[in-house]
Amino acid sequence: MTNLQERGHLLTEQINPDSLNLDQLGTLELVELFNREDAKAVAAVAAAKNQLAQAIELCAERMRHGGRLFYIGAGTSGRLGVLDAAECPPTFCTSPDMVQGIIAGGAGALLRSSEDLEDSAQDGETAIAQRQITQLDIVVGITAGGTTPYVHGALSAAHQRGAKTIFIACVPTEQVSSDADVDIRLLTGPEVLAGSTRLKAGTATKLALNILSTGIMVKLGKVYGNRMVDVAVTNQKLRDRALRILQDLTGLSRDAAGFLLERSGKWVKLALLMHWTGLEKEEGLKLLSENQGNLRSAVTSYKQ
């Protein structure tokens, strides 16, 4: 790991030559500059596609056998991990324990800056111990500049417990090394506002986490086609989405789709299986269980 006292050489800390006159730009010019620079975040994620695919496969394999996914970071990186974890239960009806976000400073750091807390590797180790990480779990360390002691301490502790580790940073390996099982580098370059990694680095990280968590859930059978058939029907918006999925995939009227949804216990995946096979709820649940919750596999096995 690089010397924490001297970070000016890091890619994320360097000066962007295209924004030297940032404070002299007209408002439209400023917006256009940001737009050009933000495009580099998308390109950075594309350049890391092989590593992202490897991470998805690794996580899905562990999670099929009961493993949990943990994101850990500080500041913006930590908040992005917590956000991605928090969005999994409503989108994929996962248990809150299945994907968890850990941020230096705890819940309070989500609302109030606590960046000083990132300097303790011991705190990172403690966070891993508190959550009783095991060899089935996966820990994703997120640190834009690559040097955060809190993250490195957590990854080291997770590795010692036999967990698989993934490292996400926005600096090249020659600047900060990692011995994680999967090493993802999102090289977005110097920020428009020097050192402000909540900008391009944060954008690229959000994109990568979107791909990672959604890709895992696809592999775990929580998606049918491009529909979120495990959506948690917990409010009017999500009920409407559930009904539209049922209508689109079955051709039923909205009223009939609503009746089917209620019969299934408000589980879109089960409702579709019941409709396509004629099975009742309990039989459908058994068939889904036999197929590890994969709707397509369940339907195929029934027809055979």
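The largest pocket of this predicted model is lined by 26 residues, among which Arg 7, Glu 118, Gly 145, Thr 148 and Thr 197 lie nearest its centre; a pocket here is an open set of points on a 1 Å grid over the protein atoms alone, where a 1.4 Å probe fits, with protein on both sides within 12 Å along at least five of seven lines, and lining residues have an atom within 4 Å of a point. The space in the largest pocket amounts to about 420 Å³. Its lining comprises eight nonpolar, 13 polar and five charged residues, with Gly counted as polar and with Asp, Glu, Lys and Arg as charged. Helix H3 (75-86) gives the most, with four residues, while H3, H6 and helix H7 (200-219) each supply at least two.

Strand E4 (residues 164-169) is largely enclosed by the rest of the structure, because five of its six residues are buried, that is, under 20% relative accessible area with a 1.4 Å probe and protein chains only. Strand E3 (residues 138-142) runs parallel to E4 and is joined to it by five bridges, with Gly 141 opposite Phe 167. The chain passes from E3 to E4 through helix H6 (residues 149-160) in a right-handed β-α-β crossover. E4 also pairs in the parallel sense with strand E5 (residues 182-185) over four bridges, where Ile 166 has Val 182 as its bridge partner; pairing requires at least two DSSP bridges.

Residues are numbered from 1 along each chain as its sequence is written. Local features need pLDDT of at least 70, side-chain atom pairs count only at pLDDT 80 or more, and totals for chains, interfaces and linings use all residues, while side-chain values use heavy atoms, without hydrogens and water.

Definitions and conventions:
Buried < 20%, exposed > 50% of the residue type's maximum accessible area, 1.4 Å probe, protein only. Right-handed = clockwise from strand over helix to strand, strands pointing away. Points joined across faces, edges and corners; volume = space filled by probe spheres on them.
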